[in-house]
Structure formats: C-alpha cells, structure tokens
Amino acid sequence: MRTQVAIIGAGPAGLLLGHLLRAEGIDCVIVERQTRSHVEGRIRAGVLETVTTDLLHRLGIDAGLNAEGLVEDGFNLADHDQLIRIDIARLTGGHVVVYGQTEMTRDLFAAAPERGLEILFEAADVRIHDADGAGPFLSFTREGAGHRLDADFIIGCDGFHGPSRKAIPAAALREYERQYAFGWLGILADVPPCHPELIYANGAAGFALASMRSTTRSRYYIQVPLSGRLEDWPEARLWDVLEARFAPLAEQGVVRGPALEMSIAPLRSYVCETMRHGRLFLAGDAAHIVPPTGAKGLNLAASDVAYLSDALIDHYRRGDESGLTGYQAKALARIWKAERFSWYLTKLMHRFPEDGPFEQRMQSAELQYVARSEAMQTAIAENYIGLPL
Ligand code: APR
Ligand code: PHB
C-alpha cells in the first residue's frame, strides 16, 4: 500500500488531521490499534476552544456541535465557599463550547467514509521504518496478515504511549516533565448539572470540579491521592463528597444518578520539544500532556494539527517547505503557554501533599486577588478561551 500521509492513531489529533488533508484532496490513511467502538467509548474532557470549533465548522462536520454544543460565556473558580465568576464573554468577547470529545470523535468517524478518509482499525504492532530517510513506511499486522504502508510523511497522533515518539533516537529527544502526587476521580451520570457553568473548586479537602456534557448529563471530579483505588469509592461515597462540596456554591442541588463511567486519571505535565524527526512529525498527546485543569489537551491537539495540515497543504500545493520547517517552533510556542496555564490552574486549585498552611494561604490570597482584579480575570479568561493560533 502507498499513501501520501500515513497517520498513526485515530484520536482527535489523527481524525482532525485526516479530515483536513482529505478536504484538500491529499491522500492519507489512519492506522489505529483499537476497535472503533473502543475509541468512541473513551470518556475525556469536553470543553472546546474556538480554535477547535472553527476546525469542525471549516470541515462542515458540525451538525452535532451546532445542535448539542453548549456555548459557555463564563466559568467559575471557588475559594472554599466563595464563587468567583470569570465572565469570559465580557472580558474577552469570546466563549468556549461544551461538547464531549466522545461526541466529536463519533462525528469525525461518521464523516470519514463519505470523505474518503480510510481508517484501519485493529492494526497491531505498528512500527515506523526509515523515519529520517527518503522512503519512510509503516509495518503492522491486521487480521492475521502483515502489511506495509509507504508514505511521504508519517504523523504520530498515537497519544502518550504510542510508538511514534519512541521511534525518535533518545539522543535527539528533548523532554520536560512534571508529575503530580494526585489524580482526578471522575464520574459521568445522566443527571442535570448542579450549575449552568463549570465550577473549579479549591477547598479544605482539595480540588473538585463540577462540569457537564449537556443539560442532562453531568461530569464531576475530585482530587484523590495517587494511591487511591476505585474500589475505595462506592458511588454513594463520591456523591456524598460532591454534594457537600457543591451545595454551598451551585444554583441547583447536586442530583445523584447511576455512574455511566467512573475512573481515576493521574495528572502530568510533559513536553517533547522534538516534534519532528526527518519525515516523522508528532502531534497531540504524542508530544505533550497537560494536567486536565483548564481542559487544554484536546484543544492543543487541534492547534497542532491546524499548523501541520497547513504545512502539508503548502508542501503539496506549492512545494513550499517553510510550514514543515517551522512546525515545531510554531507549535511549541502555543504548547508552552497552554502548559503554563494548566500548571498554574493546577497549582492554584489543588492540595499538594508537600504544601503546608502557608501555601494554602497563598492560594487563598491569589484567589482573593483574582476575585477583585479585572486584570487577573482577563488574563485567566483569555487563556481559558485559548490563545490565538
Ligand atoms: N498503533 C496504532 N494506534 C495507536 C497506538 C499504536 N501502537 N498506540 C496508540 N494508538 C492510538 C490510540 O488507540 C488512540 O486512539 O492513538 C490514539 C491516540 O489518541 P489520544 O490518546 O486521544 O491522543 P490525541 O489524538 O493526541 O488527543 C489528545 O485527546 O484523548 C484526549 O487526553 C487526550 O485531551 C487529549 C487529546
Ligand atoms: C470535563 O468536563 O471532563 C472537563 C471539563 C473541564 C476540565 C477538565 C475536564 O478542565
């Protein structure tokens, strides 16, 4: 098999990139390790920046987004029982849209066949060959048979654990990492949200988040130690904590319902500055991870592939290599600012085991400053809606 652009991974980065290239008539094939239903079933964040919704509108894959997306003009931080509203519409003229990554992935899959975007699911043992040579190719196994896919370029959209970053020689990798000593325990349930806008709360027991997917589906999280196990959290115990935490803050009460999903995710900040190795490029979680505070992960994947698709289109249309040459520097400029914001919000809102009463006072002092300072609120709002491309 031969294609122009071989993409590894059918997450948001790979799917958006594939569609953007197909819209310009560029051939590409996505090679995905999992089944379609597995990828569609993954529950991830659901706050889209305008950078991301613009891509969906440009592709015309926006019927679901237009019908079900909730435009949010503000969100809230909480210092104990005090709600601090960040009026993003007034402060920036912008907004974010609540639309689940699950729903977005479903829409991108559904539009693939009619647009000639080929996705090979259940491809095992995907390997990258000759990434820094003139004739790169992938090998993989599917339905018991070995395959080879030759391409002009290979794009690693295979998430943090995929093979593409590992194909870059260790000596060429420039990596930066920060791990956190806690995770987020999340619950998804078909109950109305307790508040019309998201609430990121810092309190005596640490961080909690009230989020949503729609007017009838809620998503909540609480901070838990890394040693925390799901078995320790019967649903009723988690609802008790959420109810106690959000009752003083939210407009409506916390409504309980059976969990559609519960999981614990660790928090990590990570950047691999080596986003290109010859004809191999990295995009999305393959190159960087942010802690979920601020919901930047999916939006950074979208901005990476916006840059990369423009660069590939310039290459094929006009033989202009400048986009490909400049991809890494351009992407990293936006990535580091999103890393900073996600790290800042994480530091501001969580209980760190190494912190004492002084650091907790610092968090409260900062939140009280935010509560009174329009300049601080504007800085937070402009990062939350996403910095321009
Ligand atoms: N071979 C083929 N595909 C693979 C392999 C492999 N060896 N390893 C991983 N993949 C696939 C995964 O199954 C997944 O579908 O790559 C895809 C990577 O998708 P994501 O992890 O979602 O990463 P990305 O597309 O960069 O999206 C980033 O979305 O999932 C969130 O937390 C993530 O918010 C972040 C954003
Ligand atoms: C979510 O709804 O899953 C969500 C929202 C905002 C975040 C993280 C996750 O910052």
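Let me start with a term: buried means under 20% relative accessible area, exposed means over 50%, and partly exposed lies in between, with a 1.4 Å probe and protein chains only. Now the model. This one is predicted, so local features need pLDDT of at least 70, side-chain atom pairs count only at pLDDT 80 or more, and totals for chains, interfaces and linings use all residues. Residues are numbered from 1 along each chain as its sequence is written, chains are lettered from A and ligands numbered from 1 in the order in which they are written, and side-chain values use heavy atoms, with hydrogens and water left out.

On to salt bridges. By that I mean a side-chain nitrogen of Lys or Arg within 4 Å of a carboxyl oxygen of Asp or Glu. The structure has 26 of them.

Take E231 and R229. They form a salt bridge, with the closest N and O atoms 3.5 Å apart. E231 is exposed, at 60% relative accessibility. R229 is partly exposed, at 45%.

Next, R85 and D87. Their side chains meet in a salt bridge, 3.5 Å from N to O. R85 is partly exposed, with a relative accessible area of 38%.

Now helix 9. Helices here are DSSP runs of H or I, at least four residues, numbered from the N terminus. R318 forms a salt bridge with D314, and the closest N and O atoms are 3.5 Å apart. Both sit in helix 9, residues 297–318, 4 residues apart, so about one helical turn separates them. R318 is exposed, at 55% relative accessibility.

Last, a network. Salt bridges with shared partners join R85, D87, R90, E197 and E374 into one network.

Definitions and conventions
Helix = DSSP H or I, 4+ residues; strand = E, 2+ residues; numbered from the N terminus.
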